[in-house]
Amino acid sequence: MNVKYLLSLLAVASLVACSDDESSPTKVQPVAASSSDAMFAPASSADPFFASSSSAFVDPAQVPASSAVSGNFDFKKYQLYGCELTGLEQFKYGRFEARMKMAAVSGSVSSMFLNYDNSYLKKQEPWNEIDIEVLGKSNTSWQSNIITREPDVDKANPNISSEKIHEFGFDATADFHLYAIVWTPEYIAWEIDSVEVRRDVVGQETTLAHDQVAFMTEEQSLRFNLWVSKSASWTGKFTGEGVPTEQQIDYVRVYSYDEATKAFTFSWQDDFEGTSLDAKRWSRGNWEMERVQYRPQNIKVRDGLVHIILDYEEI
């Protein structure tokens with residue numbers, strides 16, 4: 001387990017929300033894919049992998065290069081696998097932190113996000129989502145994003161996205177860093193290593209006259225996933241080079257938000273000790289996500305870390 005070098009929990013047990021300074025308007029556009037597209041409802045906590053540590057842990061660094069890697073990955077010959085770590089608790093506002101080492105191979109998406117569980121139902125349901133995503137075409141930058149969609153029982157309205165690319169100033173796959181999403185009724189903010197990088201405020205209309213912060217009205221769950229996109233222009237072309245790879249999570253820390261006092265209060269921290277997940281807090285994805293099939297065994301708990309693994313097998 002890496003030493004926790006941040007402020008003690010006692011010191012941050014009651015954080016006061018920052019001021020609501022307005023940031024520059026963000027251009028918003030329809031979007032076709034996200035970290036939660038093709039999503040099914042959260043898996044049952046009766047996942048047999050919670051209690052089992054019998055599956056051998058595979059260190060990607062120890063796996064030899066395969067004939068699958070030849071500049072063009074053969075999707076007919078090999079099945080790609082990834083996974084999603086899905087939180088079971090529902091949140092309405094809060095501060096969400098995770099100390100992580102991200103993955104980045106051409107074509108991949110390595111993420112932390114909040115999502116309204118019924119967004120995938122489309123027509124009759126709204127879409128609410130807040131993203132931190134490391135896209136495989138660069139290990140030194142990341143994407144912040146809000147995704148919203150108006151519900152309509154008669155048609156599937158397009159998702160509205162406000163993507164922004166930010167430079168880390170470091171290689172996100174080389175070491176652990178602290179990632180945070182802050183969600184309040186007044187603003188949504190993104191932080192890297194406790195430094196705010198972006199803030200969108202309520203009343204901040206876009207080119208589509210859509211106030212995304214105000215539209216964030218649904219309870220959301222906290223999620224992490226690793227997958228491969230079909231959009232080469234967005235994430236780079238997937239060739240299989242660098243796979244297997246993994247996203248690692250050292251700990252997750254959650255704070256509640258008091259709308260009256262505008263203060264954050266520490267709720268819980270998961271350090272992922274032992275060899276299994278907390279079945280009352282987490283589930284594992286088991287659905288198809290663009291180019292990958294999520295499978296529960298692609299999440300391992302070992303040495304105080306969660307390992308979300310991207311790999312493949314011959315069909």
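1. Let's open with a single pair of side chains. Arginine 281 and aspartate 270 meet in a salt bridge, with 3.8 Å from N to O. Aspartate 270 belongs to strand E15 (263-270), while arginine 281 lies in the loop between E15 and strand E16 (282-284), so the bridge ties together parts that are 11 residues apart in sequence. Are the two partners buried or exposed? Arginine 281 counts as partly exposed, because its relative accessibility is 22% and the buried class stops under 20%. Aspartate 270, at 10%, is buried.

2. Now step back for the overall picture. Keep in mind that this is a predicted model. The protein has 20 strands and two helices. Of its 315 residues, 54% are buried. Look at contacts with a separation of 6 or more, and you'll find that 76% of them are between residues 24 or more positions apart.

3. Strand E11 covers residues 187-192 and strand E12 covers residues 195-201; they pair in the antiparallel sense, over six bridges. Two residues sit between the strands, and aspartate 193 takes a positive phi near 50° in this hairpin. Which residue of E12 stands opposite tryptophan 190? That is arginine 198. Arginine 198 also lies over the face of tryptophan 190, at 4.4 Å from the ring centre.

4. The charged end of arginine 199 sits over tyrosine 187, at 3.8 Å from the ring centre. Arginine 199 has a salt bridge too: its partner is glutamate 196, and the closest N and O atoms are 3.0 Å apart. Here arginine 199 is buried, with a relative accessible area of 7%, whereas glutamate 196 is partly exposed at 35%.

5. Glutamate 191 forms a salt bridge with arginine 95, with 2.6 Å between the closest N and O atoms. The pair links distant parts of the chain, since glutamate 191 is in strand E11 and arginine 95 is in strand E4, 96 residues apart. Both count as buried: glutamate 191 has a relative accessible area of 9%, and arginine 95 is at 9% as well. The two also belong to a network of salt bridges that links Arg95, Glu97, Glu191 and Arg253. In total, the structure holds 13 salt bridges.

6. Glutamate 84 deserves a look of its own. It is found in strand E3 (residues 78-87) and is buried, at 1% relative accessibility. What do its side-chain partners look like? Glutamate 84 makes a polar contact of 2.7 Å with the side chain of threonine 86, and another of 2.7 Å with the side chain of arginine 223. Leaving aside neighbours within four places in sequence, its contacts include Ser35, Phe113, Phe224, Trp287 and Tyr294.

7. On to the aromatic rings. The structure holds 19 aromatic pairs. One of them joins tyrosine 93 and tyrosine 257 edge-to-face, with 6.5 Å centre to centre and 75° between the planes. This pair also links distant parts of the chain: tyrosine 93 is in the loop between E3 and strand E4 (94-101), and tyrosine 257 is in strand E14 (residues 245-258), 164 residues apart. Both tyrosine 93 and tyrosine 257 are buried. Elsewhere, Phe73, Phe75, Tyr78, Phe238 and Tyr312 form one aromatic cluster.

8. Last, a residue on the outside. Where is lysine 137? You'll find lysine 137 in the loop between strand E6 (127-135) and strand E7 (141-149). Lysine 137 counts as exposed, because its relative accessible area is 53% and the exposed class begins over 50%. The C-alpha atoms of lysine 137 and tryptophan 234 are separated by 8.0 Å, although the two residues are 97 residues apart along the chain.

Key:
Residues are numbered from 1 along each chain as its sequence is written. This is a predicted model: local features need pLDDT of at least 70, side-chain atom pairs count only at pLDDT 80 or more; totals for chains, interfaces and linings use all residues. Side-chain values use heavy atoms; hydrogens and water are left out. Two strands pair if DSSP finds at least two bridges between them. Helices (H or I, at least four residues) and strands (E, at least two) are DSSP runs, numbered from the N terminus. Buried means under 20% relative accessible area, exposed over 50%, partly exposed in between (1.4 Å probe, protein chains only). A polar contact is a pair of N or O atoms within 3.5 Å; within protein, one must be able to donate a hydrogen and the other to accept it, and residues adjacent in sequence count only if both atoms are side-chain atoms. Contact means heavy atoms within 4.5 Å. Rings of Phe, Tyr and Trp (its six-membered ring) pair if their centres lie within 6.5 Å; planes under 30 degrees apart count as stacked, over 60 as edge-to-face and the rest as tilted. A charge sits over a ring if NZ of Lys or CZ of Arg is within 6 Å of the ring centre and within 35 degrees of the ring normal. A salt bridge is a side-chain nitrogen of Lys or Arg within 4 Å of a carboxyl oxygen of Asp or Glu.
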